[in-house]
Amino acid sequence: MSPTQPDLFGPRAGWPEGLVYEPAFLTPEEEAHWIAVVQALPLREADYKGHTARRRVASYLTRYDFDGNRLHAGEPLPQALAALVERVAQWMGVAPGTIAHVLVAEYRPGTPLGWHRDVPSFERIAGVSLAADALLRLRRYPPVARAPTLDLTLEARSIYGLAGEARWGWQHAVPPVPALRYSITCRTRVRRG
Ligand SMILES: O=C(O)CCC(=O)C(=O)O
Ligand SMILES: [Fe+2]
């Protein structure tokens with residue numbers, strides 16, 4: 001997503017500014033490696049505003065407190081994930097040290113993720129998909145009458161990026177996944193105004 005990257009992977013007609021997608025970010029061999037790494041992590045049912053979300057997650061570097069709406073220091077990134085996060089940062093065109101949050105999520109079959117914008121403590125977002133395809137739906141936020149919803153298939157081994165308009169002016173959601181899927185989402189800290 002650096003300005004020098006050829007626009008091979010976006011923007012595409014009808015996509016919001018800041019949405020980028022690249023299939024085959026990982027080879028099948030790399031994917032198998034990262035699946036083994038994430039399956040060894042202590043994934044837990046996430047607590048979100050008193051509800052237990054259906055995803056199981058592991059969260060690193062910072063921890064967002066949904067009750068206090070604040071960001072706290074989090075657990076260090078496991079060494080086993082460092083190379084992947086570095087690669088994602090490189091793809092985003094940012095220094096690895098600017099990644100302020102890494103979320104590993106497991107979606108068992110039937111697990112959805114509801115409509116949301118990511119919390120405002122973070123600026124840019126990039127997500128790697130493992131093990132199975134999922135749909136990423138996007139819609140304008142605040143809502144715009146008759147504006148269509150955009151559906152993007154996040155293929156296994158792909159990466160997507162959300163920045164600018166796609167990150168701040170749209171919500172996204174994942175409908176119930178048909179098969180076990182993992183995602184690794186990296187976020188940069190919000191820039192200070
Ligand atoms: O599973 C994904 O790739 C999307 C994750 C997401 O939107 C989030 O954790 O905020
Ligand atoms: Fe999100």
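These legends walk through several views of a predicted model of a protein.

**Figure 1. The whole protein at a glance.** Let us start with the overall picture. The protein contains three helices and 13 strands. Its C-alpha trace spans about 40 × 40 × 40 Å along the principal axes. A compact globule of 193 residues would have a radius of gyration near 16 Å, and because the protein has 16 Å, it agrees with that expectation. Of the 193 residues, 31% are buried.

**Figure 2. The shell around ligand 1.** Here we zoom in on the ligand. Which residues surround ligand 1? They are Leu103, Ala105, Leu113, Asp118, Gly127, Ser129, Leu154, His172, Val174, Ser183 and Thr185. Two or more residues of this shell come from each of strand S6 (99-107), strand S8 (122-130), strand S12 (170-174) and strand S13 (181-189). By type, the shell holds five nonpolar residues, five polar ones and one charged.

Figure 3. Now look at how strands line up side by side. In general, strands of a sheet pair through backbone hydrogen bonds, either parallel or antiparallel. In this open sheet the order is S7-S12-S9-S10, and the pairing is antiparallel. Strand S7 (113-116) and strand S10 (150-154) are the edge strands, each pairing on one side only. On average, neighbouring strands are turned by 20° against each other, direction ignored.

**Figure 4. Where S9 meets S12.** How many bridges join strand S9 to S12? Four bridges connect strand S9 (residues 134-140) with S12, and the two run antiparallel. Arg140 has Trp170 as its bridge partner in S12.

Key: Residues are numbered from 1 along each chain as its sequence is written. Chains are lettered from A and ligands numbered from 1 in the order in which they are written. This is a predicted model: local features need pLDDT of at least 70, side-chain atom pairs count only at pLDDT 80 or more; totals for chains, interfaces and linings use all residues. The radius of gyration is taken over C-alpha atoms; the globule rule is 2.2 Å times the number of residues to the power 0.38. A residue is buried if 20 or more other C-beta atoms lie within 10 Å of its own, exposed if 12 or fewer, and partly exposed in between; C-beta atoms are placed from the backbone. A residue is near a molecule or strand if its C-beta atom, placed from the backbone, lies within 6 Å of it. Ala, Val, Leu, Ile, Met, Phe, Trp, Tyr, Cys and Pro count as nonpolar, Asp, Glu, Lys and Arg as charged, and the others, Gly among them, as polar. Two strands pair if DSSP finds at least two bridges between them. Axes are lines fitted to C-alpha atoms, for helices over the stretch in contact, and angles run from 0 to 180 degrees between N-to-C directions.
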